[in-house]
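Biologist: Could you take me through one part of this model up close? I'd like to hear about a single sheet, strand by strand.

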Amino acid sequence: MKFAAVLAGTTALLSPTAAALSLFDLKGSQVTISDDDNKIPGESPLELCDGDHSDDLIVIKNVDLSPNPPKAGKELLITASGTIKETISDGAYVKISVKYGLIKLLTTTASLCEQIANVDLECPLEPGDKDIVKTVDLPAEIPPGKYTVQADVFTKDDKPITCLTATVNFTFGGRSESEPEELR
């Protein structure tokens, strides 16, 4: 069960990281969105990590999830748009951290070029505007709880590409606490 949660959290973040260079394989959730300047525009839980992002190689313009919040055992449609400032080549990587509450479930490093294949892109990523649309089947077996995922993305030369984070609260039975009773 822990592995399913880790896999779901990792896939969730990599998809928009991949889609924003699309992100939550977590369903039946209540999404927590803050109102600060780090919020990525659109209907998703994605935020930029704290810190300066003026030198990031990707500017994420918008990420939408449908449904938002995502639902366990359902399809998730991810729509993202952004701009790549410089060519991103093979060797780029993403550091992923998944927490369940305060407990760190996973810390790993993965090839960005391998991950973006999940959203039908390939390296090198050339400069310019990009639009991504991806449908993901979310697992029904996501354990209830608060999950926080962070993806810190770098070029092969350790130049920051972007850093994204998101928090999702899953309830028992894959339902959102904010979901109307008739939809449960």
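Modeller: Strands here are DSSP runs of E with at least two residues, numbered from the N terminus, and two strands count as paired if DSSP finds at least two bridges between them. Keep in mind that this is a predicted model, where local features need pLDDT of at least 70, side-chain atom pairs count only at pLDDT 80 or more, and totals for chains, interfaces and linings use all residues. Residues are numbered from 1 along each chain as its sequence is written, and side-chain values use heavy atoms, with hydrogens and water left out.

Put together, you get an open sheet of three strands in the order β3-β4-β7, with antiparallel pairing. The edges are β3 (58–66) and β7 (128–137), each pairing on one side only. Neighbouring strands in this sheet are turned by 15° against each other on average, direction ignored; the axes are lines fitted to C-alpha atoms, and angles run from 0 to 180 degrees between N-to-C directions.

As for β4 itself, seven of its 10 residues are buried, so the strand is mostly covered; buried means under 20% relative accessible area with a 1.4 Å probe, protein chains only, exposed is over 50%, and partly exposed lies in between.

Note on methods
Helix = DSSP H or I, 4+ residues; strand = E, 2+ residues; numbered from the N terminus.
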